[in-house]
Amino acid sequence: MFELKKDDTLIIGKGRHRTCYRHPEDDAKCIKVVHYAGHGGDKELERELAYYKVLDSYLRDWRGIPRYHGSVETDLGTGYVYDRIVDFDGRPSQTIIERYQGRLTSAQKEELRILVEKLFKYLYVNRIVTMTLKPYNVLCHRLSETEIFPVVCDNLGEASLIPIASRMRWFCRLKQKRLFARFYNQPVVCQLKE
Ligand SMILES: Nc1ncnc2c1ncn2[C@@H]1O[C@H](COP(=O)(O)OP(=O)(O)O)[C@@H](O)[C@H]1O
Ligand SMILES: [Mg+2]
């Protein structure tokens with residue numbers, strides 16, 4: 001049983017449904033706990049875990065998705081263990097929103113443009129779909145002083161009862177096209193259109 005409640009310094013980030021904690025015994029992992037059972041969070045989690053099973057069956061390049069390591073018991077209920085995304089210098093990787101807040105310099109804009117291109121290419125090549133693609137769910141994983149790789153940490157998978165996008169290539173592409181178009185209208189990322 002892991003104790004997360006007593007130590008606020010373990011908190012990495014909070015979303016609408018889950019809080020993400022540092023794993024107390026493994027710095028390379030994090031534990032996510034659903035805030036309130038029954039508020040949609042459970043369903044999303046089930047969907048995500050089902051999608052991880054699909055990914056496990058074919059995905060080889062996991063650079064853009066944190067791996068899932070099963071569930072554990074915590075003092076806040078069931079916790080779900082994932083790889084924790086940490087930069088090369090040991091700092092927690094920031095989300096796109098965090099890294100690119102405020103007015104961007106042209107160098108930052110260029111960096112963001114390359115990052116978004118890498119994100120689309122990664123998802124496209126590996127046929128990965130997400131329910132929605134939001135800049136606050138994409139981490140900027142700094143691999144070195146000059147290289148960043150995007151990691152999607154939330155909203156993986158698809159809603160349909162029969163996961164068509166996971167099975168049919170053209171449907172996956174269609175879904176991705178819509179996802180990418182919407183992503184460009186999101187805060188921060190929309191600056192790339194200027
Ligand atoms: N694997 C991870 N490694 C590092 N930080 C993470 C990871 N997953 C999530 N986070 C951080 O925790 C926040 C909340 O997690 P998230 O899975 O997005 O919760 P929710 O499903 O409630 O939106 C994220 O916005 C991000 O800042
Ligand atoms: Mg989130």
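In what order do the five strands of the open sheet stand?

1. The order is β1-β2-β3-β5-β4, with antiparallel pairing. Strands (E, at least two residues) and helices (H or I, at least four) are DSSP runs numbered from the N terminus, and two strands pair if DSSP finds at least two bridges between them. β1 (11–14) and β4 (68–74) are the edge strands, each with a single partner, so one side of each has no neighbour in the sheet.

2. This is a predicted model: local features need pLDDT of at least 70, side-chain atom pairs count only at pLDDT 80 or more, and totals for chains, interfaces and linings use all residues. Residues are numbered from 1 along each chain as its sequence is written, and chains are lettered from A and ligands numbered from 1 in the order in which they are written.

3. β1 and β2 (residues 18–23) run antiparallel and are joined by three bridges. Glycine 13 stands opposite cysteine 20 in β2.

4. The largest nonpolar core has 23 residues; Ile96, Leu115, Val138, Leu139, Cys140 and Val151 touch the most other members. A core is a set of buried Ala, Val, Leu, Ile, Met, Phe, Trp, Tyr and Cys residues joined through C-beta atoms within 7 Å; buried means 20 or more other C-beta atoms within 10 Å of a residue's own, with C-beta atoms placed from the backbone.

5. At least two residues of this core come from each of α3 (106–125), β7 (138–142), β8 (148–152) and α5 (169–183). α3 gives the most, four residues.

6. A second, separate core of eight residues includes Tyr21, Ile31, Val34 and Tyr80.

Terms used:
A residue is buried if 20 or more other C-beta atoms lie within 10 Å of its own, exposed if 12 or fewer, and partly exposed in between; C-beta atoms are placed from the backbone.
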